[in-house]
Amino acid sequence: MTEVTLSLALVTALAGALAGALGGMLGLGGGVFLVPLLVQGLGVPITEAAAVSLTTVIATSNAISSSSQGRYAINLRLGFMLELFTAGGGLIGSLIATAIAPRVLMITFSVVMAMMSAITFLRRDHSNNLPESADPGAWGGRFVDDRTDQIVTYRVVRMPLAIGTSFGAGILSTLLGLGGGVVKVPILNAWCGVPMRAAAATSALMIGVTAAASAPQYYARGDINPPIAAAAVLGVMLGSHLGLWFSGRTRVKWLKVLMAIVLAAVSALYFRRAFLE
């Protein structure tokens, strides 16, 4: 178990705040940045870092789901249906983990993230909002946009793509140890008709469910380092509230630009890791 110093706790809390802010604004699990920082920057064993990441994902999900902004934007029916396929993908990922070279997987993921970043940026002005009186269909929904105080109505399209994406996100979550939100949010928003705020809130709910299912395994193995996890969660709770506050006062266009930047950073990070490991 890693010895916890004051400097390690402070850096972990700051990293947790970043993870929470990304979760609050974009519905992403912060593990994609938190795990490499803890492992490569602070020397924390990968199993402990992954366990800390899971606790932060759960904390982020709880913070967003309990907030008024996140609660009303979450599409429960869509989220839980897609989560079934994410869980199935996670099971497949655990079965094929030894059959795929990590370098090939990380390079492929890096290329996909770069393409998503470009598409998200190019579609930054695209809106999925329908007229308020429109029928949202079986999987769509309505919510009040906190920034404009207007009712947003949307309809989910290309459901097979949403299902396939969720299945693939489950596989990647297992193989690479990251939250599936980094895959789900851009595709749900760009091609499946889900507005950015609804996609982010629904993703935050889903990644919390996935993380909650995995965390007991790490706890049973003794991989959770309580002081590090506590520091990360404290940072996450602060970052989540700041992220939600910022998101509610920012135009969706700029949230998409931020998403594109994050996806590009993820792409670069995993491309670098592919040639260092």
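# Briefing on a predicted model

Helix α8 (residues 181-191) is mostly covered, with ten of its eleven residues buried; buried means under 20% relative accessible area, exposed over 50%, and partly exposed in between (1.4 Å probe, protein chains only). The model is predicted: local features need pLDDT of at least 70, side-chain atom pairs count only at pLDDT 80 or more, and totals for chains, interfaces and linings use all residues. Residues are numbered from 1 along each chain as its sequence is written, and side-chain values use heavy atoms, with hydrogens and water left out. Helices (H or I, at least four residues) and strands (E, at least two) are DSSP runs, numbered from the N terminus.

- The buried residues of α8 are Gly181, Val182, Val183, Lys184, Val185, Pro186, Ile187, Leu188, Asn189 and Ala190.
- Their cover includes α1 (6-26), α5, α6 (102-122), α7, α9 and α11 (252-274), where contact means heavy atoms within 4.5 Å.
- After α8 comes Gly193, which has a positive phi near 80°.

**Packing of α5 and α9**

- Two packed helices are described by the angle between their axes and the distance between the axes.
- Helix α5 (residues 76-96) packs against helix α9 (residues 196-220) at an angle of about 40°, and their axes are 9 Å apart. Axes are lines fitted to C-alpha atoms, for helices over the stretch in contact, and angles run from 0 to 180 degrees between N-to-C directions.
- The two helices α5 and α9 are therefore oblique to each other; angles under 35 degrees count as roughly parallel, over 145 as roughly antiparallel, 65 to 115 as roughly perpendicular and the rest as oblique.
- On the α5 side, the contact is made by Leu76, Gly79, Phe80, Leu82, Glu83 and Thr86, and on the α9 side by Thr202, Leu205, Met206, Val209 and Thr210.
- Sorted by class, this contact of α5 with α9 has six nonpolar, four polar and one charged residues. Ala, Val, Leu, Ile, Met, Phe, Trp, Tyr, Cys and Pro count as nonpolar, Asp, Glu, Lys and Arg as charged, and the others, Gly among them, as polar.
- Glu83, in helix α5, is buried at a relative accessible area of 7%. Leaving aside neighbours within four places in sequence, Glu83 is in contact with Lys184, Met206, Val209 and Thr210.

**Aromatic pairs**

- The structure holds three aromatic pairs. Rings of Phe, Tyr and Trp (its six-membered ring) pair if their centres lie within 6.5 Å; planes under 30 degrees apart count as stacked, over 60 as edge-to-face and the rest as tilted.
- One of the pairs joins Phe143 and Tyr154, whose ring centres are 6.2 Å apart and whose planes stand at 65°, so the pair is edge-to-face.
- This pair links distant parts of the chain, with Phe143 in strand β1 and Tyr154 in strand β2, eleven residues apart.
- Phe143 is buried, at a relative accessible area of 5%, and Tyr154 is buried at 2%.

**Positive phi in residues other than glycine**

- Asp149 is not a glycine, yet has a positive phi of about 60°. Asp149 lies in the loop between β1 (141-145) and β2 (150-154) and is exposed, with a relative accessible area of 63%.
- Arg158, also a residue other than glycine, has a positive phi near 50°. Arg158 sits in the loop between β2 and α7 (159-176) and counts as exposed at 51% relative accessibility.

**Ala230 in helix α10**

- Ala230 belongs to helix α10 (residues 226-248) and is partly exposed, with a relative accessible area of 39%.
- Although 212 residues separate Ala230 and Leu18 along the chain, their C-alpha atoms are 15 Å apart.
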